[in-house]
Every structure is written in C-alpha cells, then in structure tokens.
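Welcome! Here is a short briefing to read alongside the sequence and the 3D view.

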Amino acid sequence: MKWSLTICTLFGIRIRVHVTFLLLLFLVVAIGMESGWRVAAWCAALLAGTFACVALHELGHSLAAQRLGVRVSAITLLPIGGVAQMRSMPQKPSYEVAITVAGPLTNALIFGVLYLIGDWAPFLVPYYAGLPLHVPMPVSVGDLIGSLLLVNKWMIAFNLVPAYPMDGGRLLRALLAGWLGFPRATVVAARIGRAMAMLFIVAGLFAELYMLPFVGLVIFMAAGMEERAVLMQSVLRGVDVASVMNPACLAVAPEDTASQCLAMLHQAGQDDFPVVADGHVIGLLTREAILEDMRETGGGACASDLMIREFRCAWPEAPAAEVHEEMQSSGQRTVPVLRDGRLAGVLTQENINRYFLVRSFLNGRKGAKSRAYRDSRQR
Ligand SMILES: [Zn+2]
C-alpha cells in the first residue's frame, strides 16, 4: 500500500503504518492538548493501545494463513483498522474459516491476558461500560487496561457482523462456498456486505455516530474491490498468458531517444516498451522515464540509458492468474512475454482488465441463456 512506513518485521511479515494513521494520532494529540498534556497523553496511549490490538488481530489472521500455505507480505494499519495483505486467496472454505477465526480469537486471548493482569495487579482496573474518552484525570495504567478490555470486546463483536470483507462476512462466504462455489459465494457475500454497509451509513447518520458512516463507506468500497479481485482470479484460472497478452505490441531499440518514443505513448496506447537488441529483450522503457526525460532534457536520452534492467518476464504457456498475482505484488504493470528467448508480446494490466470484461460478459450471457432454458423447461 502506498504512503505506508514499515515499523518492524514480525515472523517475516512487515508491520506498516499508513501516513493517515499518523495524521490521526497527531490530530488526537492536538485536540487533547487543548485540555492539557495529561489528556493528550491519555488519548495517545489509548489510540496506540487500540491499534496494537488491531495489529495483533491481523497478525493472528496472518500466522494462521502462513501455517496453511497462504503467503502474507505485510500488515498495514489504517485509521479505520488493519489490513493483512495476502498474496493469494485460501482455496478451501475450511482454510478460510481457520484464517478468519484466528483474528477474533487473538482478541479473546488479549482480553484473557489483560483480565488476568487486572485481577493480579495491585491496582484497581475499572470496568467501563462505554468508550472511556472523558475519564477524570489523572488516569492510571489500570484505566488503560480497563479500556483495552472494552476495546477487545468490541472488536470481537464488530468483526463478527456479516459485512464482507469483515471477518463475519468472510465466515459467511466460507459457509456459502461449500454450496455455491467460491466465486458465486463471494458475489452473494459482497452484496450482503454492501447492504450492511449502507445500513451502517444510515444508522450512523441518524444516531450521530459519525465514525460509523465512514466505516460503512470503506466496507462498501472494499466489498466491491474484493469481489472483483476474486472474480478476476476465477476468470483467469486455467488460462495461459498467450490467451490474454497483446501479441502486436511495439518494441524500441536501445538507441531510440525518448522524443522518438513519445508519440508511441498515445498512438499505440502502450505504457511501457520492451527494449530489444539483436532480437533479445534487454530492458523495459516506462512511460514515466520517457516523460521525465522529455521534461528534463527535451527527450535526448537513449532508451538504453532510461530503461529498467531488472523486471519479470513470462512465457506464453505460463498460468495467467499466477503472473497477474506477481504483477500485483511487485507493481510491474507490463510483463514482456518471451518465446524461445524472443519477444512474443506483452501482458499488461489493461489486457487482463479487458479479458475479464469480455469473459464476464460472455459468462453472464451464458448463465442467462441456461437460466432461460431451465425456466422454459419448467413451464
Ligand atoms: Zn479480522
């Protein structure tokens, strides 16, 4: 995720914080400072403690995922919660159940540990009924433990709401997947998720709980994005790179200058160009490199000086889903495709999007036709 800073690495997983989260911390401290540094320190401690619980919740998901063979690259903390970036999807519904349950189970574990500390500690740990934002000063470590008990209880309850892609929604999808199959179950779970998100937005506006519409909006968008990602994976399954790639791509020579390549950007509708010398691909010239050189030197630099030398290539027979997954995790938007060491085409994000568009349209028509056929036979 862009605009994130890595704070540490645990079990091979990078723990990152998004810049907006740091802004939230800054904002909370700044508002707290109006009532004195004690209030500011309390707010910062409560926020940091809450997000430590969020990070542990995501770590719970991630460790379960790694045990079941799903790679996790990073956990990112955002103002609305945490996201574990998994590099592939769990293929069995039972795996998804195990990975999903591990998150709230971690919160239950934290709750248990904090409860025991509160029980044994020589100081009082209060039990709060609501969020302790207006606690009489000075506050103690006991107040912080008491508040985090409440935070973990709320996290368990909130995460189990069946609003996909939250944990409850993922459990619902796993249940449906045994019956409808993974792609169809995702569509149904995402629709229920979006309906729940709308409910959050409306309820939050009526009850004047302004965090709720914001969370609802994020769930609404995330449900759509995850639905598309899962459907794309299912469309690409069993398809090779040759069926999706653009075989009529343009390539450039090492001595071609940026100004010579400029027109190709809009005329060919291609973002990146393989640099070919003696029939072999030696580099990749990106749109950014061409434009930057145009602005700085008027486009006089050669492709060989501007090109990227380290990039991934694919073979026509390679599974498209796997190459797509790697493109997403590495951020490489154009992959040269080689046949016997020579350029056979390029695979781009746009090719994949178009392939997805065409296949989903045709699959939808096929589904509609067979439904119509079934209806006519029932009549
Ligand atoms: Zn979770």
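How many bridges join strand 2 to strand 3, and do the two run parallel or antiparallel? There are 4 bridges between strand 2 (residues 13-18) and strand 3 (residues 72-78), and these strands run parallel. Please keep in mind that this is a predicted model, in which local features need pLDDT of at least 70 and side-chain atom pairs count only at pLDDT 80 or more, while totals for chains, interfaces and linings use all residues. Residue numbers start from 1 along each chain as its sequence is written.

**The whole chain**
- The chain has 13 helices and 8 strands; these are DSSP runs numbered from the N terminus, with helices being H or I of at least four residues and strands E of at least two.
- Of the 379 residues in the chain, 33% are buried, meaning that 20 or more other C-beta atoms, placed from the backbone, lie within 10 Å of the residue's own.
- Among contacts between residues at least 6 apart in sequence, 57% join residues at least 24 apart; a contact here has C-beta atoms, placed from the backbone, within 7 Å.

- Four strands form an open sheet in the order 1-2-3-4, with mixed pairing; two strands pair if DSSP finds at least two bridges between them.
- Its edge strands are strand 1 (4-10) and strand 4 (81-86), each pairing on one side only.
- On average, neighbouring strands of this sheet are turned by 25° against each other, direction ignored.
- Strand 1 and strand 2 run antiparallel and are joined by 6 bridges.
- Cys8 has Ile15 in strand 2 as its bridge partner, and Ile15 has Ile75 in strand 3 as a bridge partner.
- The hairpin of strand 1 and strand 2 has 2 residues between the strands, and Phe11 takes a positive phi near 50° there.

**The helices beside it**
- Helix 2 (residues 37-67) packs on the sheet, where it touches strand 1, strand 2, strand 3 and strand 4.
- The direction of helix 2 makes about 160° with that of strand 3; axes are lines fitted to C-alpha atoms, for helices over the stretch in contact, and angles run from 0 to 180 degrees between N-to-C directions.
- The axes of helix 1 (residues 19-33) and helix 2 come within 7 Å and cross at roughly 155°.
- Helix 1 and helix 2 are therefore roughly antiparallel to each other, a term for angles over 145 degrees.
- Residues that meet there include Leu25 and Val28 in helix 1, and Trp37 and Leu47 in helix 2.

Note on methods:
Contact = placed C-beta atoms within 7 Å. Parallel < 35°, antiparallel > 145°, perpendicular 65-115°, else oblique. Buried ≥ 20, exposed ≤ 12 C-beta atoms within 10 Å, placed from the backbone.
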